[in-house]
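Welcome! Here are some exercises to work through with the structure open beside you. Try each task before you read its solution.

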Amino acid sequence: MNPCAVTTGFFVLGRCGRPSVTVCRCGRPVCARHVDPQGLCPECAAAQAYADPFHPGWARGYRRRYYEQSSGMYNDAVWYSWFDSYDRGQFDGGDGFDLGGYDGDGFDGDDGNDWVDS
Amino acid sequence: MFWRKTRAAIERFHPVHQGLVWQRTASVTLPPAEWDAVVASLARHAETVKRRKWRLPDRTVAVLVPLIRVLCEDVAPGDAIGITADLRGPQVPEKAGPSRQLPVRKPIRSITEWFALDPWLAVRAELRDGSVLELTVTDRVRYRKIHKVNPRGKHKHKTKSKAVQRITARRTLQPGQDVRRPDTPPPRTLAVRVKPGKRTVISATTKLGPAPTEQDQLQWVLAVATEPFRWTPPAAERRTA
């Protein structure tokens with residue numbers, strides 16, 4: 001059974017890793033804890049505009065915007081690429097739960113094969 | 001007429017929520033699941049309570065709730081988040097310091113100046129990676145009460161205020177956690193201090209003047225909190241939920 005590939009955390013990023021119960025429309029395996037009532041992963045569900053911080057999924061939807069803003073404020077592209085590569089890495093099946101495009105020495109760039117932007 | 005139903009509805013809210021309504025303060029340490037219950041209770045406030053006097057403080061929705069949501073993402077279910085929020089504002093008498101008279105010239109008759117120190121938010125969270133994050137937000141407001149008399153003997157009193165804000169974020173790493181200097185320096189307004197030791201402590205402080213608006217407040221708190229996390233690359237093989 002595939003482990004749940006949802007990115008967890010806000011400052012401290014992680015992967016869920018629980019046994020998945022379904023597959024989101026984006027292709028990610030999702031566990032029972034993270035699946036939306038409509039069968040979506042938290043990111044796809046957050047993409048449906050959770051503007052209200054009272055919604056439990058608000059922080060996951062806000063996370064990417066926060067990394068964009070703070071990366072701009074610090075003029076630190078690496079800070080955003082950490083998150084971006086981590087988030088993209090969850091679509092890379094069999095990556096052994098390591099960081100998607102981050103090899104520890106810096107961001108290795110976009111190979112142009114990614115089909116998703118979030 | 002006496003808002004009995006509304007009062008009864010408030011008494012059914014979560015105790016932390018009730019504290020924010022009645023005292024406008026909260027000081028409590030709870031696990032993430034219990035904070036979710038507090039936020040769920042706060043979410044029912046606007047539709048239940050219509051009385052202006054019992055409205056939630058503005059910073060509850062603008063800062064406190066989003067911050068709880070963010071911290072709950074990073075705290076393991078068994079760990080705790082401690083929050084002390086004093087949302088009464090800087091005009092409470094116990095927050096005011098001693099006053100003094102400033103030198104004046106006509107038509108000003110007197111200027112009385114005093115400062116109010118308002119530490120309205122303190123947060124401590126034990127994060128999943130073993131580090132501890134502490135945040136504080138303190139407003140320092142200068143008040144000047146001016147008494148003016150015009151040539152016809154008419155008296156005017158005016159009070160002016162000017163607020164600056166200090167935000168600090170301190171992260172105490174777990175023993176042996178890797179520390180790496182970020183590739184780019186922080187903004188000039190941000191002072192960073194790294195204290196090496198058995199548990200490395202990274203702290204970031206900024207002073208904002210004038211104090212940010214309610215809409216920008218969360219963004220500033222998170223921006224300052226970012227700096228300690230830039231010093232540690234994300235864990236590569238950590239599986240957390």
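**Exercise 1. The layout of chain B**

Which pattern does chain B follow when read along the sequence?

*Solution.* Before starting, note that this is a predicted model, in which local features need pLDDT of at least 70, side-chain atom pairs count only at pLDDT 80 or more, and totals for chains, interfaces and linings use all residues. Residues are numbered from 1 along each chain as its sequence is written, chains are lettered from A and ligands numbered from 1 in the order in which they are written, and side-chain values use heavy atoms, with hydrogens and water left out.

Step 1: Find the elements. Helices (H or I, at least four residues) and strands (E, at least two) are DSSP runs, numbered from the N terminus. Chain B has six helices and eight strands.

Step 2: The pattern is α-α-β-α-α-α-β-β-β-β-β-β-β-α.

Step 3: Look at burial, where buried means under 20% relative accessible area, exposed over 50%, and partly exposed in between (1.4 Å probe, protein chains only). Chain B has 241 residues, and 45% of them count as buried.

**Exercise 2. An enclosed helix**

Explain why helix α2 of chain B is described as largely enclosed.

*Solution.* Step 1: Count the buried residues. Six of the eight residues in this helix (residues 15-22) are buried, so the rest of the structure largely encloses α2(B).

Step 1: Name them. They are B:V16, B:H17, B:Q18, B:G19, B:L20 and B:V21.

Step 2: Find their partners. These buried residues pack against α1 (4-11), β1 (25-30), α3 (32-43), α4 (45-48) and α5 of chain B; contact means heavy atoms within 4.5 Å.

Step 3: See what comes next. B:R24 sits in the loop between α2 and β1 of chain B. Its phi is positive, about 60°, although B:R24 is not a glycine. With a relative accessible area of 23%, B:R24 is partly exposed.

**Exercise 3. A buried arginine**

Is B:R59 buried or exposed? Describe its surroundings.

*Solution.* Step 1: Locate the residue. B:R59 belongs to helix α5 (residues 58-74) of chain B.

Step 1: Check its accessibility. B:R59 counts as buried because its relative accessibility is 15%.

Step 2: List neighbours. Leaving aside residues up to four places away in sequence, B:R59 touches several residues, including B:W120, B:D139 and B:E214.

Step 3: Examine one pair. The side chains of B:R59 and B:D139 are joined by a polar contact of 2.9 Å. A polar contact is a pair of N or O atoms within 3.5 Å; within protein, one must be able to donate a hydrogen and the other to accept it, and residues adjacent in sequence count only if both atoms are side-chain atoms.

**Exercise 4. Where the chains meet**

How many residues does each chain bring to the contact between chain A and chain B?

*Solution.* Step 1: Count the residues. Chain A brings 35 residues and chain B brings 42 residues.

Step 1: Give the area. About 3,400 Å² is buried between the two chains, 64% of it on carbon and sulfur atoms. Buried area is the accessible area (1.4 Å probe) that two parts lose on being put together, summed over both.

Step 2: Pick out leading contributors. A:F11, A:F54 and A:Y74 supply 25% of the area that chain A buries against chain B, more than any other three residues.

Step 3: Look for charged pairs. There are two salt bridges between the chains, each a side-chain nitrogen of Lys or Arg within 4 Å of a carboxyl oxygen of Asp or Glu. One of them joins the side chains of A:R60 and B:E73 (3.4 Å, N to O).

**Exercise 5. Cis peptide bonds**

Where in chain B does B:P210 lie, and what is the peptide bond from B:G209 to B:P210 like?

*Solution.* Step 1: B:P210 is in the loop between β8 (201-208) and α6 of chain B.

Step 1: The bond from B:G209 to B:P210 is cis, with omega near 0°.

Step 2: Another cis bond joins B:K106 and B:P107, with omega about 5°.
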